[in-house]
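Hello,

Here is the structure I promised to send over. Please have a look at it, and then read on below for what turned up.

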Amino acid sequence: MQLPPKSEVKSRFMPQALDLVLQVALDVPLPRLFDYLGSPGTMPGSIVRVPFGAAGKGLKTGVVVAVASSSAQPADKLKAVEAVLDVPPLPPDWLALCEFVSRYYQHPLGGVTSMALPPLLRQGKLPRRTKARDASTAAGAVPLPPTFLLPTLLDEQAVAVAAITAAQGFAPFLLHGITGSGKTEVYLQAIAAVLARGGQALMLVPEIALTPQLEGRVAARFPQATIVIAHSGVADAGRTRGFLDAHAGHADIVLGTRLAVFMPLPRLGLIVIDEEHDGSFKQQEGMRYSARDVAVFRAKQRGVPIVLGSATPSLETFHHARNGRYRLIELTRRAVAEAPPVVRVVDTRREKLQDGMSAALLKALEARLEKAEQSLIFLNRRGYAPVLACPACGWISGCRRCAANLVVHLADKRLRCHHCGLEAGIPRACPDCGNLDIHPFGRGTQRLEAALSERFPTARVLRIDRDSASTPSKWQALLASIHAGEVDILVGTQMLAKGHDFPRLTLVGVTGADAALFAADFRAPERLFSQLMQVGGRSGRADLPGEVLIQTEHPDHPLYRALVDHDYAAFAAAQLAEREQAGFPPYAFQALLRAEAKQLDTALEFLGRAREAAAALGGDIALYDPVPMRLFRKMTLERGQLLVESASRPALQGFLAAWTAQLYELKAPRDLRWHLDVDPLEF
Ligand code: ADP
Ligand code: ZN
Ligand code: ZN
C-alpha cells in the first residue's frame with residue numbers, strides 16, 4: 001500500500017485505539033459523506049487520507065466535516081483513517097462556506113472541498129517548507145503607507161474610501177466608475193485601512209493576464225505586507241504554500257482569480273471584486289460556481305464589507321444597487337485625463353467597406369499614423385476567416401467532432417476547431433468536388449491584420465488575441481512592445497479590452513459588433529456594451545484626447561446611443577426593463593440541467609425523464625422542454641439541456657435540492673453525463 005512520506009504524516013492509528021467516527025467529504029460524484037474511524041485528536045476541518053474503493057486498496061484525500069460517536073454503518077464495516085495531514089484543521093467558517101456552496105450549486109460537498117483546497121493538499125501532500133516564518137509577520141497590523149506617497153484623493157474617491165472604511169459588519173458596495181476613474185486607488189486605500197487595523201484583505205480579479213500589472217501596484221503600495229498571489233498560473237507548491245500562509249494568518253493580502261475566493265482567512269476584513277461583471281468569475285466546467293456570488297456570501301458570513309467594482313456592472317449587481325440591497329458609490333470623472341473619448345457611430349449601410357473598414361475609419365487611421373499615435377481595431381473573432389468553403393458544390397470546413405466549423409488560421413496554415421482543438425491542414429482543392437477555387441469566408445483578426453499591413457505598408461501592425469498571446473509571457477512581451485511605442489496599429493479581440501493603459505492610443509475602431517445585437521443569448525447585449533466601453537476606455541488617456549468609431553448598420557440602436565452618450569445607467573435601465581418584461585434574470589432565477597451522450601436522443605430522453613420527475617415535485621417552478629444545445633455536438637458528444645426557472649430564489653433552491661436527489665436515482669445510460677448549472681451565464 002502506498003503511503004505518503006513520513007514527514008507528511010502527523011500520526012497513524014492503531015485500530016484498537018479508535019473511538020471516533022469521522023464524517024469525511026471525498027471527491028466522488030455522490031451527494032454523501034463517508035464514515036471512517038479516527039483518533040480523538042482529529043477535528044472537523046482536518047485533512048485525512050482514507051482507504052477507498054474496492055478492497056480498500058486505493059487512498060483518497062478528504063476533509064473531516066463532522067465528528068460523531070456512532071455511525072449508521074455497522075462497526076465492522078468501518079475502516080480507519082490512514083493518516084492525518086500535518087495541517088491545522090481548516091476553520092469552521094471555511095467548512096460552512098463549502099457547505100453553502102455545495103447546497104447552493106447542488107454539488108457534492110466532497111467535490112467542493114476538493115476544489116477549494118490547493119493542488120498539493122488535494123492530493124494529500126504538503127509543500128516543502130522554504131523558511132520558517134518570522135512570528136512577527138503574523139497577525140500584525142501593517143502600518144498605513146506614508147501619506148506623501150499617496151495621491152490626494154478626488155472628492156468622489158474620498159467619499160468612497162470613507163464609506164467603505166466606516167462600514168460595520170456586512171456591507172456590500174457597488175463601486176461604479178469608468179476606466180481610469182480611480183477605482184483601484186479606492187481599493188488600495190480601503191485595503192490600507194483594513195491592514196492598519198490588523199485585518200486581511202481578499203482581492204479577486206477576472207483574468208490571470210491582469211494580475212502582473214496589478215500585482216506590482218499592490219506590492220509597491222504595501223512593501224511591508226505579505227501578499228499571496230493565487231491563480232492557476234502559480235505552480236502547485238506555491239499555490240499550496242500561499243493557501244497555508246493565508247490559513248495561518250500570515251498573508252495580509254490575497255490577490256487572485258476566482259479560485260482565491262476559497263482561501264481561509266482568519267482575519268478577513270475586506271473583500272474586493274474588481275471588474276465584477278466579468279464572465280470569468282463563473283467557472284464553466286466541473287462545479288459551476290460564481291466566485292463573485294460566493295464572495296458576497298462570504299462577506300455576509302464573516303460580517304465584512306465587500307466592494308464590487310466595475311465600469312459596466314453586471315445587470316444583476318446594478319439591480320441590487322437600484323433596489324437598495326447594495327450601496328452605490330459612483331466615480332463620474334477620470335482621475336487623470338480631462339475628457340472621456342468622443343464616441344461616434346459610422347453608418348455603413350450605404351457604403352462598400354474596404355477589407356471590412358469604412359472610409360471614415362481608414363481616414364482616422366491615416367491621421368493617427370501621421371501624428372505617430374497608436375490606433376486599435378477591435379474585432380472579436382480570432383483566426384483568418386470563420387470558414388473555408390467551396391462555391392462550386394457547397395462544401396464547408398466542418399469539424400467532425402463538433403457542430404461547428406473549422407476556422408481558417410492562415411498564420412500557421414491550419415484549420416482549427418475553436419471548440420475541441422481539432423486541427424487539419426488547409427486543403428488545396430475542395431475535398432468533395434476537387435474544385436481548386438475554394439475560399440475563406442468572413443473575417444477574423446488575422447485577415448484584418450493582413451489587410452492593414454498591405455494598406456499601410458510602413459505601419460507596424462500587431463495582432464493581440466488568444467493565438468498571439470497564448471501564454472502569459474507572450475502576452476507580457478506584446479504589452480511591452482506596445483508600451484515601448486513599437487506599434488502603430490493594434491488589431492485584437494476582447495483581450496485588448498482588459499485593464500491596460502496604452503498611453504499613445506488615441507483611436508479605437510470597432511468592427512463586426514452588430515452580430516451581438518441580435519444574438520439568441522439575452523446577455524449578449526450586456527456583454528457587448530461592456531466590451532465596447534472597456535475597449536473604448538483604452539483610448540485617450542494622459543494628455544491625448546481619444547476617439548472611438550463604431551461601424552454599424554444600426555446607428556440608432558439604443559446600445560450604441562448609450563455608448564455615444566457614455567450613459568451606462570440609460571443602457572442598464574433599458575436592459576432591465578426588457579428583462580423584467582421578458583421575465584429574465586435578475587427578475588427570474590434559473591438553473592440548467594445539461595446532459596451529454598453519444599447520441600442526442602439519449603441525452604434528450606434522460607432530460608425528458610428528469611422533467612417528469614420535476615413536474616411531479618410541483619412548486620412555483622416553470623419547466624421548459626428539453627432541447628439540443630446550440631452547439632449540440634462537442635468533442636463527439638451530443639448535448640441537450642433543460643431550463644428550469646422561478647420568480648423566487650428560495651422556491652428554486654428548495655426545488656433544486658429535491659430534484660437533484662432524484663436525478664441521482666434516475667437510471668442514466670452508461671455513456672451519459674449530466675450536471676446542473678445554477679445561475680447559468682451561457683445557454
Ligand atoms: P481604475 O481602476 O478606475 O481604472 P485607477 O485607480 O487605475 O482607475 O486610476 C487611473 C489612473 O489615475 C492611475 O494611473 C492612477 O494612479 C491615477 N489616479 C487615481 N486616483 C488618483 C488621484 N486621486 N490623484 C492622482 N492620480 C490618481
Ligand atoms: Zn466543392
Ligand atoms: Zn471541434
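Three strands make up an open sheet in the order β17-β18-β19, with antiparallel pairing; strands pair if DSSP finds at least two bridges between them, and strands (E, at least two residues) and helices (H or I, at least four) are DSSP runs numbered from the N terminus. The edges are β17 (407-409) and β19 (423-425), and each has a single partner strand, so one side of each is left without a neighbour in the sheet. On average, neighbouring strands here are turned by 30° against each other, direction ignored (axes are lines fitted to C-alpha atoms). Three antiparallel bridges join β17 to β18 (residues 414-416), and His 409 has Arg 414 in β18 as its bridge partner.

Please keep in mind that this is a predicted model: local features need pLDDT of at least 70, side-chain atom pairs count only at pLDDT 80 or more, and totals for chains, interfaces and linings use all residues. Residues are numbered from 1 along each chain as its sequence is written, chains are lettered from A and ligands numbered from 1 in the order in which they are written, and side-chain values use heavy atoms, with hydrogens and water left out.

Now to ligand 1. Its surroundings hold 17 residues, and the closest include Thr 152 and Gln 157 (near means a heavy atom within 4 Å). Backbone N or O atoms of Gly 180 and Glu 185 lie 2.8 Å and 3.0 Å, respectively, from an oxygen atom of ligand 1. Helix α5 (residues 183-196) gives the most to this shell, with three residues.

Best wishes

Terms used
Polar contact = N/O pair within 3.5 Å; in protein donor to acceptor, adjacent residues only side chain to side chain. Axes fitted to C-alpha atoms, helices over the stretch in contact; angles between N-to-C directions.
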